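Here is a short briefing on one protein model. Look at the structure first, then work through the points below.

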Amino acid sequence: MEEKTTKPVDIYRDTWVRFLGYANEVGEAFRALVPVSFVWGSYAVATAYVTADAFDKGKKAAVAHGDNPGKSGRVAVAVVDTFVWQALASVIIPGFTINRVCAASLYMMGRSTKWPLPVRKWMTTAIGLSTIPFIITPIDRSVDFLLDASLRKVYQEGEKHK
């Protein structure tokens with residue numbers, strides 16, 4: 001009989017809470033249809049998610065390192081690495097990407113179709129929402145590469161956010 005080792009559940013990575021990190025992409029997709037305050041609110045939700053995840057990883061690093069020397073440095077690395085990775089991979093780059101996809105699609109439909117503006121706006125939102133699943137993995141991998149080649153060299157850990 002195989003014995004299964006159960007990995008502890010990370011609420012920020014393994015549950016529905018993870019989807020809060022995508023709130024700003026949804027907000028950007030709906031930008032053409034909703035007041036801008038809704039879009040900024042979606043960024044607030046995503047930023048709260050990023051901050052909570054970084055705080056959580058710092059707490060876990062503190063527990064893991066107990067009273068060992070260098071504990072505060074390892075906690076700082078865990079918090080900074082997680083915050084920077086999440087900010088880039090969950091908020092900044094995807095938000096910009098969806099914003100530009102939606103802006104370009106609205107512009108192109110305005111130039112190439114005779115659809116009424118409300119139809120073009122709803123189509124833009126649909127295009128934005130349907131783009132989200134396709135950008136996640138390439139952005140995540142690119143941010144890993146960027147941090148491995150820069151920030152992670154500074155603290156010489158080479159540890160990716162966990």
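Helices are DSSP runs of H or I with at least four residues, numbered from the N terminus. Arginine 120 is found in one of them, α5. The model is predicted.

**Arginine 120**
- Which side chain of opposite charge is nearest to arginine 120? It is glutamate 28, 17 Å away.
- Arginine 120 is buried, yet it has no salt bridge.
- The side chain of arginine 120 does reach the backbone oxygen of tryptophan 115, at 2.6 Å.
- Leaving aside neighbours within four places in sequence, arginine 120 is in contact with Leu106, Met109, Gly110, Thr113 and Trp115.

**Nonpolar cores**
- The largest nonpolar core has eleven residues, among them Ala29, Trp85, Ile98, Cys102 and Leu147.
- Helices α4 (71-112) and α5 (117-148) each supply at least two residues of this core.
- Another core, of nine residues, lies apart from it and includes Tyr12, Ala46, Val50 and Val91.
- Alanine 29 is in contact with Ile98, Cys102, Thr124, Thr125, Gly128 and Leu129, leaving aside its neighbours within four places in sequence.

**Aromatic pairs**
- How many aromatic pairs does a search of the whole structure find? It finds three.
- In the pair of phenylalanine 19 and tyrosine 22, the ring centres are 6.2 Å apart and the planes are at 45 degrees, so the pair is tilted.
- Phenylalanine 19 counts as exposed, because its relative accessibility is 58% and exposed means over 50%.
- Tyrosine 22 is buried, because its relative accessible area is 15% and buried means under 20%.

Methods
Residues numbered from 1 in each chain as written. Predicted model: local features only at pLDDT ≥ 70, side-chain atom pairs only at ≥ 80, totals over all residues. Heavy atoms only, no water. Core = buried A, V, L, I, M, F, W, Y, C linked by side-chain atoms within 4.5 Å. Buried < 20%, exposed > 50% of the residue type's maximum accessible area, 1.4 Å probe, protein only. Contact = heavy atoms within 4.5 Å. Lys, Arg positive; Asp, Glu negative; His and termini not counted. Salt bridge = Lys/Arg side-chain N within 4 Å of Asp/Glu carboxyl O. Polar contact = N/O pair within 3.5 Å; in protein donor to acceptor, adjacent residues only side chain to side chain. Phe/Tyr/Trp six-rings, centres within 6.5 Å; stacked < 30°, edge-to-face > 60°.
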